[in-house]
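Below is a short briefing on one structure, arranged by topic. Definitions are given where a term comes up.

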Amino acid sequence: MNMIAHKKALPEKFLMDSKTMGKELSGKNKTENIVLQVKDVTICYSGTPAINNVSLTIPERRITAIIGPSGCGKSTLLRSFNRMNDFVPGATVEGQVLYRDIDLYGSNVDPVEVRRKIGMVFQKPNPFPKSIFQNVAWGPLINGFRKDINERVEKSLRAAALWDEVKDRLKDSAMALSGGQQQRLCIARALAMEPEIILMDEPCSALDPVSTARIEDLMYELKQQYTIVIVTHNMQQASRVSKFTAFFEAGKLVEFGKTKNIFTHPTNKRTEEYVTGRFG
Amino acid sequence: MISRSLTYRYWFARAFHVFCFVVAWTGVVILGILLFHVTREGIQWLDLQFLSDFPSRFPAKAGIRSALFGTLWLMGFTALFSVPIGIGSGLYLEEFTNKNRFSRFIDLNISNLAGVPSIVYGMLGLVIFVRWFGLEQSVLAGSLTMSLLILPVIIISTREALRSVPNTIRQAAFALGATRWQTTYAHVLPAALPGILTGIILALSRAIGETAPLVMIGALTYVAFTPEGPMDDFTALPIQIFNWASRPQQEFHELAAAGILVLLLVLLMMNSIAVYIRHRSEKRNL
């Protein structure tokens, strides 16, 4: 699969779907690089649509939050970005998900290859029941990494702000770590693959506020290098960490724009009601 | 204040408690009675000479050497055939195929096969392995027949063990760009291994006590040598026990009891290995 990093610069106003673009976005003439482009995507589970004709663009090295009430299809959409929906029997994807001009659902695309470039962190921390070291090293090793694996593990653990806590017990079981540490280990594990995009599916919903704050700080660091898409139920979290926010309801994209605009003066009435906590 | 209806409910709860207690102990007590009876009859015959001698028509000289070795050969080859096929089938059905009409068809058949009486497997073995393949009454024919018998059990327990591996582990591996095989080999199989091993040992413990299929394929009841290879004739512990128990003399009945004791000991050993494996894996996963 051709994975040449082909960067495409567009004026920011082209980033947004015309229907949902807020007028406030066209103000400054800053440009964002697009890394992921969702075009007219409909995702069905055994014929029932969970995501209905959604178009969206994900800018590079930014945090994009996907919010919305339960069952609105936000996780489904996120999982379509690295083809994790392939494992759900009866799930079908129509439309295009373009990763730097490559349609992830094209016939010549190997889903395994996609997941090497687009990593994922799950809702519940899910480390392998193995040592901390093995958790991080496994991804690179099975993908033919032949350089210094110790260095790669250290680098990933440092990037996930976990190194200082675990450097003396890399051989210990990952299951002995606390929930927050486990989740950072899962982030380190994803980072070890050096992906371009990291998808996070409610990464803090199983964590306490302190651990959540640490993960959010971490995300802030990571966006220097990585594109992050986060699904969250926590609106404060979305407003704290993300630059862009997409609001979904019942499988449809209601509004997409800069986070501060979505939260301060949304154009859509439903968005306003949701972010102010009147429903959902 | 305790109302009348509450008193009644407490009484009922206590009665049910007692009922469950009695039911739970019934099996243990019956096993105890059986063990006591067998031990009392057979213990006097149980010595090294009994283990190292071949069967004889003189009770004092009779031993179970050929039966014990026959059983070991039989179990070894049975495991050799049934374990790879059983784990492979379980992996295929649970990890590598989607739930479609074909897999449901296989599924249904395996569940049915698990309930087929063992003598039917004996008939199958007689026709296919003994006659068609011309294996005669060899260790090979016996173990192939036994493999057929325990395959469904191994497949079903393998699938149970695989199903108990949390899906989040698979997803984690897939999200790192692992293939199906890499995921299965590195994470799913190791996590399921204790369950699979337990299933295999329990399946083999079932096979070790089976008599009917071996009688059906014509395993010999009197063998005065130990098998040297897979094509040799053989006898097995349950056959030897059956043989002694069907003789009129009291001494032979006692020999049968001693044989049963040996068989039970082997079974107990196998089951304790299974318990040990399960216990160790439970500790590790904490």
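The contact between the two chains takes 17 residues from chain B and 20 residues from chain A, where two residues are in contact if their C-beta atoms, placed from the backbone, lie within 7 Å. This is a predicted model, in which local features need pLDDT of at least 70 and side-chain atom pairs count only at pLDDT 80 or more, while totals for chains, interfaces and linings use all residues. Residues are numbered from 1 along each chain as its sequence is written, and chains are lettered from A and ligands numbered from 1 in the order in which they are written.

**Side of chain B that touches chain A**

- Helix 7 (167-175) and helix 8 of chain B are the elements that give two or more residues to this side; helices (H or I, at least four residues) and strands (E, at least two) are DSSP runs, numbered from the N terminus.
- Helix 7 of chain B supplies six residues, the largest share of this side.
- By type, the residues of this side are eight nonpolar, eight polar and one charged; Ala, Val, Leu, Ile, Met, Phe, Trp, Tyr, Cys and Pro count as nonpolar, Asp, Glu, Lys and Arg as charged, and the others, Gly among them, as polar.

**Helix 3 and helix 8 of chain B**

- The axes of helix 3 (residues 65-96) and helix 8 (residues 180-208) of chain B come within 9 Å and cross at roughly 140°; axes are lines fitted to C-alpha atoms, for helices over the stretch in contact, and angles run from 0 to 180 degrees between N-to-C directions.
- Helix 3 and helix 8 of chain B are therefore oblique to each other (under 35 degrees counts as roughly parallel, over 145 as roughly antiparallel, 65 to 115 as roughly perpendicular and the rest as oblique).
- Residues of helix 3 of chain B that meet helix 8 of chain B include B:Thr71, B:Val83 and B:Phe96, and those on the helix 8 side include B:Arg180, B:Ile196 and B:Ile208.
- The residues of this helix contact divide into twelve nonpolar, three polar and two charged.
- B:Leu72 also lies in helix 3 of chain B, and has 17 other C-beta atoms within 10 Å, so B:Leu72 is partly exposed (buried means 20 or more other C-beta atoms within 10 Å, exposed 12 or fewer, partly exposed in between, with C-beta atoms placed from the backbone).
- B:Leu72 and B:Ile208 are 136 residues apart in sequence, with a C-alpha to C-alpha distance of 9.0 Å.

**Fold of chain A**

- Chain A has eleven helices and eleven strands, and 46% of its 280 residues are buried.
- An open sheet of six strands in chain A has the order 7-8-9-4-10-11, with mixed pairing; two strands pair if DSSP finds at least two bridges between them.
- Strand 7 (118-121) and strand 11 (252-258) of chain A stand at the edges with a single partner strand each, so one side of each has no neighbour in the sheet.
- Strand 8 (residues 197-201) and strand 9 (residues 227-231) of chain A pair in the parallel sense over five bridges, and A:Leu199 stands opposite A:Val229 in strand 9.

**Positive phi in chain A**

- A:Asp40, in strand 2 (residues 31-45) of chain A, has a positive phi near 50° and is exposed, with 11 other C-beta atoms within 10 Å.
- A:Arg83, in the loop between helix 2 (74-80) and strand 5 (91-99) of chain A, has a positive phi of about 60° and counts as buried, with 22 C-beta neighbours inside 10 Å.
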